[in-house]
Amino acid sequence: MNTLLQIERIYRLHLLIKQECTGSSADLAIRLHVSQRSVQLYISELRELGATINYDSLHRTYYYVNDFEFNYIFNIAVKERE
């Protein structure tokens, strides 16, 4: 799989968790256009980076317990040959 696409999906997941509007893992899979297994793997990746993530079944959302930030900045520059 394309690494940049994976990073973009993890970043989108992060933003949804931060806003506490993820829905269930099945909902997330649909929103991110991936399988539920991929959603679980992305959540595991965020946890490995230091995020403490829980799921609130009453509000049907994942949320951060700790103050976790994930910044995604990517630049591509193509220079012409001289």
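Student: What is the relative accessible area of Q36?
Tutor: Q36 has a relative accessible area of 42%, so Q36 is partly exposed. Buried means under 20% relative accessible area, exposed means over 50%, and partly exposed lies in between, with a 1.4 Å probe and protein chains only. This is a predicted model in which local features need pLDDT of at least 70 and side-chain atom pairs count only at pLDDT 80 or more, while totals for chains, interfaces and linings use all residues. Residues are numbered from 1 along each chain as its sequence is written, and side-chain values use heavy atoms, with hydrogens and water left out.

Student: Where is Q36 found, and which residues does it touch?
Tutor: Q36 is found in helix α3. Helices are DSSP runs of H or I with at least four residues, strands are runs of E with at least two, and both are numbered from the N terminus. Not counting residues up to four places away in sequence, Q36 touches S25, A26 and A29; contact means heavy atoms within 4.5 Å.

Student: How far apart are Q36 and S24 in space?
Tutor: C-alpha to C-alpha, the two are 9.5 Å apart in space and 12 residues apart in sequence.

Student: And S25, is it buried or exposed?
Tutor: S25 is buried, with a relative accessible area of 14%. It is found in helix α2. Leaving aside its neighbours within four places in sequence, S25 is in contact with Q36, V39, Q40 and Y62.

Student: At what angle do α2 and α3 pack?
Tutor: They pack at an angle of about 95°, and their axes are 8 Å apart. Axes are lines fitted to C-alpha atoms, for helices over the stretch in contact, and angles run from 0 to 180 degrees between N-to-C directions. The two helices are therefore roughly perpendicular to each other. Angles under 35 degrees count as roughly parallel, over 145 as roughly antiparallel, 65 to 115 as roughly perpendicular and the rest as oblique.

Student: Which residues meet there?
Tutor: In α2, S25, A26, L28 and A29 meet Q36, V39 and Q40 of α3. The residues of this contact divide into 4 nonpolar, 3 polar and no charged. Ala, Val, Leu, Ile, Met, Phe, Trp, Tyr, Cys and Pro count as nonpolar, Asp, Glu, Lys and Arg as charged, and the others, Gly among them, as polar.

Student: How do α1 and α2 cross?
Tutor: The axes of α1 (residues 3–18) and α2 (residues 25–32) come within 11 Å and cross at roughly 130°, and α1 and α2 are therefore oblique to each other. The contact is made by R9, R12, L13 and L16 of α1 with L28, R31 and L32 of α2. Its residues divide into 4 nonpolar, no polar and 3 charged.

Student: What about α1 and α3?
Tutor: α1 and α3 pack at an angle of about 80°, and their axes are 10 Å apart. That makes α1 roughly perpendicular to α3. Q6, R9, I10, L13, H14 and I17 of α1 make the contact with V39, Y42, I43, E45 and L46 of α3. The residues involved divide into 7 nonpolar, 2 polar and 2 charged.

Student: Which residues of the largest nonpolar core touch the most other members?
Tutor: Of its 18 residues, these are L13, I17, L46, I53 and Y64. α1, α2, α3 (36–48) and β2 (61–64) each supply at least two residues of this core. A nonpolar core is a set of buried Ala, Val, Leu, Ile, Met, Phe, Trp, Tyr and Cys residues joined through side-chain atoms within 4.5 Å. Not counting residues up to four places away in sequence, L13 touches L28, L32, V39, Y42, I43 and L46.

Student: Is H14 buried or exposed?
Tutor: At 1% relative accessibility, H14 counts as buried. H14 lies in helix α1. Leaving aside its neighbours within four places in sequence, it is in contact with L46, Y64, F68, E69 and F70.

Student: Changing topic: what is phi of E20, and what of R60?
Tutor: Phi of E20 is near 55°, a positive value in a residue other than glycine. E20 is found in the loop between α1 and α2 and, at 47% relative accessibility, counts as partly exposed. For R60, phi is near 50°, a positive value in a residue other than glycine. R60 has its place in the loop between β1 (53–56) and β2 and, at 44% relative accessibility, counts as partly exposed.
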